[in-house]
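Please look over the model below before reading the points.

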Amino acid sequence: MASAFLDPIPISSKEYAFTDSGNVISRSAKIYGASNIVINGRSVIEKGCVIRGDLQRVVATPGVGGSAGTMSMQLASNTTSVNAGRYLSVGQGTVLRPPGKLYKGTFNYFQMKMGDFVTIGQNCIVEAVSIGNGSEIEDDCIIGEFVTIKDFVIIEQGTVLSPNTVCPNLTRWAGNPGRLVDSLPESTPETVEARVRANYKRYKVVKPESKPPSAAAATPRYPTSLSKNA
Amino acid sequence: MSSAPQPKPRSKKEPLYDESQVVIHPEATVVQDAVFKGKVTIGKGTVIHPLAQILAHEGEIVIGDNCVIAENVHILNSDTSKTLQIGNKNQFGTGAKVQASVGNSNNFGARCEVLADVIVSDYCVVGPQTTLRSRALDPSQPEVIPSYTVVFGSNSDRRAWDASAAQEEASAREKHLEYLREVLPKFYRVRK
C-alpha cells in the first residue's frame, strides 16, 4: 500500500520531458499522432509506452473564419483519440490504442476517454472505450475493445477482459477471461485520490548526472559540430 | 576508462538488422518503424503497424495478402529447414508472438503465443493471452490445428467455431484494411 512516506523516484530531464501542466513523459515512450492525444496534467508516462493517436480518420483541415469556424471546432474535438484527465499514470511497456469497429457501414476508431486519477500498470494492452475516475489497472492486463470501466474499479494483475465488458463502480475484477470477484468499500474514493496524489509527488526532478566523457561521447543524443572528433 | 574501441553508435535512420532481402509488394502499407530481419516477403495489401517485428533469423518468412499486423507483434522463424508461410487475411493483435506456419483468415489476439510445433489451418481464433502449443503424442511432427478452432482462456482450452457471422467478420476486416490503408500513410513514412 502506497503512503506519503514512500521513497522519491529521481527523474532527470535527459530521460523525461516535462510540460507546464505537470506532465512527466518519458522520452523513450512511442507516442504516435500526438496532435490527437489530450493529457490534462500531472500525469506520468513511463518508458516504452506506446500511445496510438494516429488511428483517427483525418477530417477536413480547420477552416479559417466564417461559418466553417464552429464546424471545424466540432470536428477538431471529434478527432481526439485518447483523452485523459489529470493524474494519469501509465507504467512501462503499456500499449494504449483506441478501439475500432464497423459502425453504420464504415469502419472507424473511437475515442478512448479516461477520467482523473487513473493508474495503469506495466505491460498492459488497453483498448477500452472509457475508464472512469480513480480506476486502477494492475500489471500485465489486457483490456479488450470497447470495454467500459466505471469509477474506482480495480482490475487485478494479469486480468484479460473480453471485448464489450462493462465494469460497474467500486468493483474488483480478475482472471482470464476476467470476472467480477469482489466489491470495494464506499470509502475507496478518498484513499485512491490520496494515494495517486502521493505517488505523483514521488517523482523528483534531479539534474542529469555528469557521466565520464567517454561514455557521453559513445551515445550522443544530438550530433554537434563542436564534438571533439570534428 | 578502458581503451577498447567503442562500437559506433547506430544512427536513428539505420535499420536494426540487414534488410536487403526484404521484398515488399508495392501495394502493401508497411510503416517505416517496423523491424525486419533476413529473407521476408510481404504480400499485396498487407498493413504492418509501427514496432512490429518480423525476424527471419534462419529460414524465410512469406506473408500473404491483406493481413493486419499490429504493433509489438513478433513473427519469428528460427528453423533453418522450413519456410514460415503466413496465408491471406490474417489479423495479428498487439503483442502476439507467432512462430508457426499459418493458413488463411485467422485471428490472433493480443499477446497470444503460437509455438513452432503446430501448423494453424484456416479460420482459427487464438484468444488474448493464450498459448497454442502441440498436444500431439509424437513430438517429431507438428500438430495440424483444424480449421475453425478457437483457443481461449487461461488454460488455452480449444473448441470449434460454428462459422456463424463469418460473412460479417470478413466484411468488417475488409473495411478495417481499407481504413488503415487510407489513414496510416498520413502519419507515417511508408516503405516502398
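The numbered points below start with how the model is to be read.

1. This is a predicted model, in which local features need pLDDT of at least 70, side-chain atom pairs count only at pLDDT 80 or more, and totals for chains, interfaces and linings use all residues. Residues are numbered from 1 along each chain as its sequence is written, while chains are lettered from A and ligands numbered from 1 in the order in which they are written.

2. Chain B has 21 residues in contact with 22 residues of chain A (contact: C-beta atoms, placed from the backbone, within 7 Å). The side of chain B that touches chain A is made up of nine nonpolar, eight polar and four charged residues. Here Ala, Val, Leu, Ile, Met, Phe, Trp, Tyr, Cys and Pro count as nonpolar, Asp, Glu, Lys and Arg as charged, and the others, Gly among them, as polar.

3. Most peptide bonds are trans, and most residues other than glycine have a negative phi. The bond between Asn176(A) and Pro177(A) is cis, with omega about -5°. Pro177(A) sits in the loop between strands E23 (171-174) and E24 (179-183) of chain A (strands: DSSP runs of E, at least two residues, numbered from the N terminus).

4. Arg111(B) is not a glycine, yet its phi is positive, about 50°. Its place is the loop between strands E14 (107-108) and E15 (113-114) of chain B. Is Arg111(B) buried or exposed? Arg111(B) is buried, because 22 other C-beta atoms lie within 10 Å (buried: 20 or more such atoms within 10 Å; exposed: 12 or fewer; partly exposed in between; C-beta atoms placed from the backbone).

5. Tyr123(B) also has a positive phi, near 55°. Tyr123(B) belongs to the loop between strands E16 (118-120) and E17 (125-126) of chain B, and is buried, with 21 other C-beta atoms within 10 Å.

Definitions and conventions: Two residues are in contact if their C-beta atoms, placed from the backbone, lie within 7 Å. Helices (H or I, at least four residues) and strands (E, at least two) are DSSP runs, numbered from the N terminus.
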